[in-house]
Amino acid sequence: MTIVTNDHPPEMVSSANASKYNVGHTSEVEADGSYVKVGLTITDESAIKAVQAKEKQELSCGYICELELSPGEFEGVRYDAIQRNIRYNH
């Protein structure tokens with residue numbers, strides 16, 4: 001389970017600041033082709049209202065990684081770098 005934030009916080013989430021940024025949590029992560037499906041529970045009233053009003057429709061994970069500048073192509077799409085050792089934070 002990973003906490004959900006409303007937008008990306010200006011710092012990585014830790015036990016010292018989680019209560020400041022946490023608006024819910026994730027569960028049931030599974031691969032779905034080129035996509036990832038994630039169960040999501042939102043517990044913050046303003047975040048729930050933003051989703052219901054369709055002001056929030058997409059998610060972006062907060063993480064750190066090692067970046068390998070190595071161009072290539074995947075499924076017909078060119079890229080400039082590979083992200084390795086991805087460590088999710090929020």
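## A walk from sheet to salt bridges

Lys54 lies in the loop between helix 2 (45-52) and strand 4 (63-68). Helices here are DSSP runs of H or I with at least four residues, strands are runs of E with at least two, and both are numbered from the N terminus. Phi of Lys54 is near 60°, a positive value in a residue other than glycine. Lys54 is exposed, with a relative accessible area of 60%. Exposed means over 50% relative accessible area, buried means under 20%, and partly exposed is in between (1.4 Å probe, protein chains only).

The model is predicted: local features need pLDDT of at least 70, side-chain atom pairs count only at pLDDT 80 or more, and totals for chains, interfaces and linings use all residues. Residues are numbered from 1 along each chain as its sequence is written, and side-chain values use heavy atoms, with hydrogens and water left out.

Three strands form an open sheet in the order 1-2-3, with antiparallel pairing. Strand 1 (3-5) and strand 3 (35-42) are the edge strands, each pairing on one side only. From one strand to the next, the twist averages 45°. The angles run from 0 to 180 degrees between N-to-C directions, and the axes are lines fitted to C-alpha atoms, for helices over the stretch in contact. Strands of a sheet pair through backbone hydrogen bonds, either parallel or antiparallel. Here two strands count as paired if DSSP finds at least two bridges between them. Strand 2 and strand 3 pair in the antiparallel sense over seven bridges. In one of these, Glu30 has Lys37 in strand 3 as its bridge partner.

Strand 2 (residues 22-32) includes Val29. Thr26 is buried, at 15% relative accessible area. Setting aside residues up to four places away in sequence, Thr26 touches Met1, Thr2, Val4, Val38, Gly39 and Leu40. Contact means heavy atoms within 4.5 Å. Glu28 is exposed, with a relative accessible area of 66%. Phi of Glu28 is near 50°, a positive value in a residue other than glycine.

Val29 is also exposed, at 58% relative accessibility. Beyond its neighbours within four places in sequence, Val29 is in contact with Val36, Lys37 and Val38. Val29, Val36 and Val38 form a nonpolar patch on the surface, with about 270 Å² of accessible area together. Patch residues have over 30% relative accessible area and no salt bridge; like charges are joined within 9 Å, nonpolar side chains (Val, Leu, Ile, Met, Phe, Trp, Tyr) within 5 Å. The areas come from the Shrake-Rupley method with a 1.4 Å probe, and for residues only the protein chains shown count as cover.

The last stop is charge. Side chains of opposite charge can pair when their charged atoms come close. A search of the whole structure finds four salt bridges. Each is a side-chain nitrogen of Lys or Arg within 4 Å of a carboxyl oxygen of Asp or Glu. Among them, Asp7 pairs with Lys56, the closest N and O atoms being 2.5 Å apart. This pair links distant parts of the chain, 49 residues apart: Asp7 is in the loop between strand 1 and helix 1 (18-21), Lys56 in the loop between helix 2 and strand 4. Asp7 is exposed at 53%, whereas Lys56 is partly exposed at 28%.

Glu45 forms a salt bridge with Lys49, with the closest N and O atoms 3.2 Å apart. Glu45 and Lys49 are four residues apart in helix 2, so about one helical turn separates them.
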